[in-house]
Amino acid sequence: MLRLDSDVQYVKGVGPRRAALLNSRGIRTVEDLLLHIPRAYQDRATFVPLASLRIGQDAAVHARVYRSRVMQTRTRGRILDVILTDGSSFVHAKWFHGAYLQTRDFHAGREVVLFGRVDFDRYESKFVFFNPEFELLEENDETSSLDIGRYVPIYEEAAGITSRQFRRLIAGALKDLAKDISDPLPDDIRNTHGFPDLKTCLDRIHFPEPKDDLEELNQRRSPYHRRLIFEEFFLLELIYALRRVQSRSMDGVRFETTDRIRQRVKTILPFHPTAAQKRVLMEIVDDLKAPYPMIRLMQGDVGSGKTIVAFEAIVIAVENGYQAALMAPTEILAEQHFINAKRILGPLNYRLGVVRRGIKKAEREDLLAKIASGEINVVIGTHALIEEHTVFKKLGLVIIDEQHRFGVVQRLQLMAKGENPNTLVMTATPIPRTLAMTLYGDLDLSVIDEMPPGRSPIRTIHAVDRDADRIHRIIAGQLQEGRQVYVVYPVIEESEKVDLKSATEGFKKLSEIFKGRRVALLHGRLKSEEKETAMKAFAAGEIDMLVSTTVIEVGVDVANATVMLIEHAERFGLAQLHQLRGRVGRGAHQSLCILMTPSRLNDVARQRIQAMIATTDGFRLAEVDLQLRGPGEMAGTRQSGLPEFRIANLLLDSEILSLAQKEAQRWVDRSHEREKLIEALSARTRFVTVG
Ligand code: ADP
Ligand code: MG
């Protein structure tokens, strides 16, 4: 008897050699094998009479051999050519390289069932199946087998094991599987949502019965699919729900918000906050006042105004006698936050410090000493904040900007510098909300879903290299009006390996073309001070055109810049293009984003450009991005730290995901059943890898 956790080598037909192959593809247990679910199903149950075959149709036929022969060809080796008849008509079946097939097996009168796509043989004016799947029947054989005469599962080949072989291995595993495998999903949930039990699901997902709906199966929408997808999501959501409950019961730093503090928060505001900014601040304040530590994600599209909300939270922390730390992914962004902090928090007389790499030893030691003594209230920095031996006197608030650029570990490292400090992470990550919900499932979510007033939407155009002159005239016009311009290149320098325009070359050319304008170059290989000088000068309006690489991708905020020209836009992903475009359109002036590409583009690049032109909504773009990657191919999400699923697909199955989240919350709230769940859960967590 096999159990789900039995080693896959005990499945009939596997053995040590195949087991090694399967292991190399991550299939180690019987459960792993059974979760290698079909990628499609074919209806081979209904036999089509030969007289009614149509070209292009996938058909199963049941016929007798009329005649067979082997032809020797020059280009294709031996071909086995069999003519079949069922009394209604004739059809050819041809197998190339069919040397392994024996003519004598296909002797006249032999009964055969076969499945394949109907083709038309121009030379013989006959219908033909090329390399069909087939089965030779014994005299009084039932025409039912694993491959023919039913809904047949089609598997992705893996480790050199064909679809047909998988069918046999899996059938064997199901046959020998213990009848009483335990089902981790509570009956209550199964009954509520009409999910079949685990054993039934595994049986029918591989070998559906005639009454099952083929269409649903192929859409991964059968009750069996839905249940397995739900289960993957449910276990993940349970973990998140439990983490939420646990962090609620932890003692954290508790802030007060008196009238005086509220007043001070108001004094820093350079503008009226939007309704969304106000609402999110309220949500943050509720957390700050509560006895448990805040762990909140502030999500808002590029330019929605997250920074000021973060500064409001900083004021509350400092007024409560605590220190606040703000971490950003790039030096440029940390620098910008520092400049903003000086301006915005200036009137409150806080002591500010910026921690970055490459500062002189004496200066650094002085800074670290002041952070440790509590003299500095607000510390801003890059990764250096966690890497340097920064010790805080009394860290009460941790803020992480552009959180998707950091890993969970880095977030935890910074948090560990205080005692359960309140934590706010910010992101414009253009992933759909449903994805954010799982990616950041243990965080509470606040969304800024409104742009500050007075912005005119950014216009986006596509231009090819021969339009360069026209584009330069447009830019000249904007410069004439006193606006500023970004030009972004994919690489710093020309190289022999790839034929790309580079920032360094571009800088030379543009300096020529725009003689008399102040053009500056910015890229990651410059020294910290050089970067800082360029950024400061651009922000102060002392530079007209900033020629750069993607170092300016996130966070940079200069309201007077109205043109974003992206060279080789075909080289960038949608998320990146969206972030880059978000550098303009930050003031009252109409802004323009120009996507420059060569004239020849591949399909995906073209669709990306079209999507950029069609919408400025980051969430919409994220969905397009996932669709362009194609379902199943979630490699892109792997990098972003999203959990991986075996069957579930975050994009296609978002509706089941929210169902799972609701159920998980409901189950965790019923605390007396928690123990049982944790048990079931830990037995099955191999279903998912939690990021
Ligand atoms: P992001 O959410 O991308 O980090 P920022 O916080 O950098 O956006 O804000 C973008 C720009 O909008 C900044 O110049 C900021 O000063 C401005 N801004 C933010 N909120 C408002 C508001 N309520 N009214 C007017 N301008 C605002
Ligand atoms: Mg920002």
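A residue counts as near a molecule if one of its heavy atoms lies within 4 Å of it. In this predicted model, 17 residues stand around ligand 1. Gly303, Lys306, Thr307, Arg455 and Asp557 come nearest.

A polar side-chain atom of Lys306 sits 2.8 Å from an oxygen atom of ligand 1. The backbone contributes too: a polar backbone atom of Gly305 is 3.1 Å from a ligand oxygen atom. Gln277 faces a nitrogen atom of ligand 1 instead, with a polar side-chain atom 2.9 Å away. On its own, ligand 1 has 570 Å² of accessible area, and the protein covers 84% of it.

One open sheet has 7 strands, in the order 11-12-10-13-14-9-15, with parallel pairing. Its edges are strand 11 (352-355) and strand 15 (444-448), each pairing on one side only. From one strand to the next, the twist averages 20 degrees. Within this sheet, strand 9 (residues 295-300) runs parallel to strand 14 (residues 422-427), and 5 bridges join the two. Look for Ile295, which stands opposite Thr423 of strand 14.

Helix 12 (residues 361-373) belongs with this part of the picture. Helix 12 lies across strand 10 (323-327), strand 11 and strand 12 (378-381). The helix runs at about 125 degrees to strand 11.

A further open sheet has 6 strands, ordered 16-21-20-17-19-18, and its pairing is parallel. Strand 16 (459-464) and strand 18 (519-522) form the edges, each with pairing on one side only. Here the twist averages 20 degrees from one strand to the next. Val519 has Met545 as its bridge partner in strand 19.

Two helices pack on this sheet. Helix 17 (residues 503-513) touches strand 17 (484-488), strand 18 and strand 19. Its direction makes about 175 degrees with that of strand 18. Helix 19 (residues 574-581) touches strand 16, strand 17, strand 20 (561-566) and strand 21 (592-597). The direction of helix 19 makes about 150 degrees with that of strand 20.

Finally, consider confidence. The protein chain averages a pLDDT of 86, and 91% of the residues score at least 70. Over residues 630-641, pLDDT stays under 50; the model has 14 contacts there beyond four places in sequence. Residues 685-691 also stay under 50, with 23 such contacts. Where pLDDT is low, predicted coordinates should not be read in detail.

Definitions and conventions: Residues are numbered from 1 along each chain as its sequence is written. Chains are lettered from A and ligands numbered from 1 in the order in which they are written. This is a predicted model: local features need pLDDT of at least 70, side-chain atom pairs count only at pLDDT 80 or more; totals for chains, interfaces and linings use all residues. Side-chain values use heavy atoms; hydrogens and water are left out. pLDDT is the predictor's confidence in each residue, from 0 to 100. Contact means heavy atoms within 4.5 Å. Two strands pair if DSSP finds at least two bridges between them. Helices (H or I, at least four residues) and strands (E, at least two) are DSSP runs, numbered from the N terminus. Axes are lines fitted to C-alpha atoms, for helices over the stretch in contact, and angles run from 0 to 180 degrees between N-to-C directions. A polar contact is a pair of N or O atoms within 3.5 Å; within protein, one must be able to donate a hydrogen and the other to accept it, and residues adjacent in sequence count only if both atoms are side-chain atoms. Accessible areas come from the Shrake-Rupley method with a 1.4 Å probe; for residues, only the protein chains shown count as cover.
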